[in-house]
Amino acid sequence: MWHQHWQNWQRYRPRLHRDGISLPAALLLTQLKSWLDSDELIIEDLLLDEHGAVFWLKIQQPTPTIVQLHCQPEAMAADNNSVRLRYHLQADDSQASLRGRLLGSLASMAANSGLATRLLQRLAAPLPWLAIDQQYLTLHWRDIPAVQHWLHATILGHQPLSGWRIAAIHTRHDLLRLQLKRSQPGNQG
């Protein structure tokens, strides 16, 4: 029993590196589910590999349908306060019913026409740190409440994490790897 608790703890804990941090997919999935799951959308699973991230989304309306949201880190914004992810939707071929596969295929086609983008925009509307357009998700990472908590944490009268920025992002082995760099003096990023 103790061994299982230790394994679970290891699965959900961030890993520190001398130049950044790695966040496990299990930790990210739990946090994203708490922010995004609703009556209309459920995040079923997340895979992080060398090609980017794949989310399995269960869209509840008009009938429960599972689609895959593929995201690849594109670029850091010039101010280093946001990350752009190129995305596309596709049907999940593993759905059991013919109806589910058909609706998943329709969802994929709808992504090309902009319907899926409007659905994602509507679902993400309550999240001021996430912007969605036809091809990109823009994550304003400094505005995420959990990140703000750490950036503004005060230790002995100082905010040691406020001067850091994301230099690079990598995904592999079910980890999101953030390489961090100290901002130059006078740089607000």
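Contact here means heavy atoms within 4.5 Å. A few notes on this predicted model, point by point.

1. Let's start with A131, which sits in strand 7 (residues 130–132). Setting aside neighbours within four places in sequence, A131 is in contact with Y136, L137, T138 and H140. Its relative accessibility is 32%, so A131 counts as partly exposed.

2. T138 is one of those partners, and it belongs to strand 8 (residues 136–139). Is T138 buried or exposed? Buried, because its relative accessibility is 16% and the cut-off for buried is under 20%. With neighbours within four places in sequence left out, the contacts of T138 are S82, V83, R84, W129, L130 and A131.

3. R84 deserves a look of its own, as it turns up among the contacts of T138. R84 also lies over the face of Y136, 3.7 Å from the ring centre, and Y136 is in turn a contact of A131.

4. On to the charged pairs. Side chains of opposite charge can pair when their charged atoms come close. How many salt bridges does the structure hold? There are 3.

5. One of them joins R177 to D19, with the closest N and O atoms 2.6 Å apart. This pair links distant parts of the chain, 158 residues apart: R177 is in strand 10 (residues 175–182), while D19 is in the loop between strand 1 (15–17) and strand 2 (20–24). R177 counts as buried because its relative accessibility is 18%, whereas D19 is partly exposed at 27%.

6. Another salt bridge pairs K33 with D37, and here the closest N and O atoms are 2.8 Å apart. K33 has a relative accessible area of 27%, so it is partly exposed; D37, with 29%, is partly exposed too.

7. Then there is E40 with R122, whose side chains meet in a salt bridge at 2.6 Å, N to O. E40 lies in the loop between helix 2 (25–36) and strand 3 (41–49) and R122 in helix 4 (residues 115–124), so the pair ties together parts that are 82 residues apart in sequence. E40 is partly exposed, with a relative accessible area of 30%.

8. Last, the aromatics. How many aromatic pairs does a search of the whole structure find? It finds 1.

Definitions and conventions:
Residues are numbered from 1 along each chain as its sequence is written. This is a predicted model: local features need pLDDT of at least 70, side-chain atom pairs count only at pLDDT 80 or more; totals for chains, interfaces and linings use all residues. Side-chain values use heavy atoms; hydrogens and water are left out. Helices (H or I, at least four residues) and strands (E, at least two) are DSSP runs, numbered from the N terminus. Buried means under 20% relative accessible area, exposed over 50%, partly exposed in between (1.4 Å probe, protein chains only). Rings of Phe, Tyr and Trp (its six-membered ring) pair if their centres lie within 6.5 Å; planes under 30 degrees apart count as stacked, over 60 as edge-to-face and the rest as tilted. A charge sits over a ring if NZ of Lys or CZ of Arg is within 6 Å of the ring centre and within 35 degrees of the ring normal. A salt bridge is a side-chain nitrogen of Lys or Arg within 4 Å of a carboxyl oxygen of Asp or Glu.
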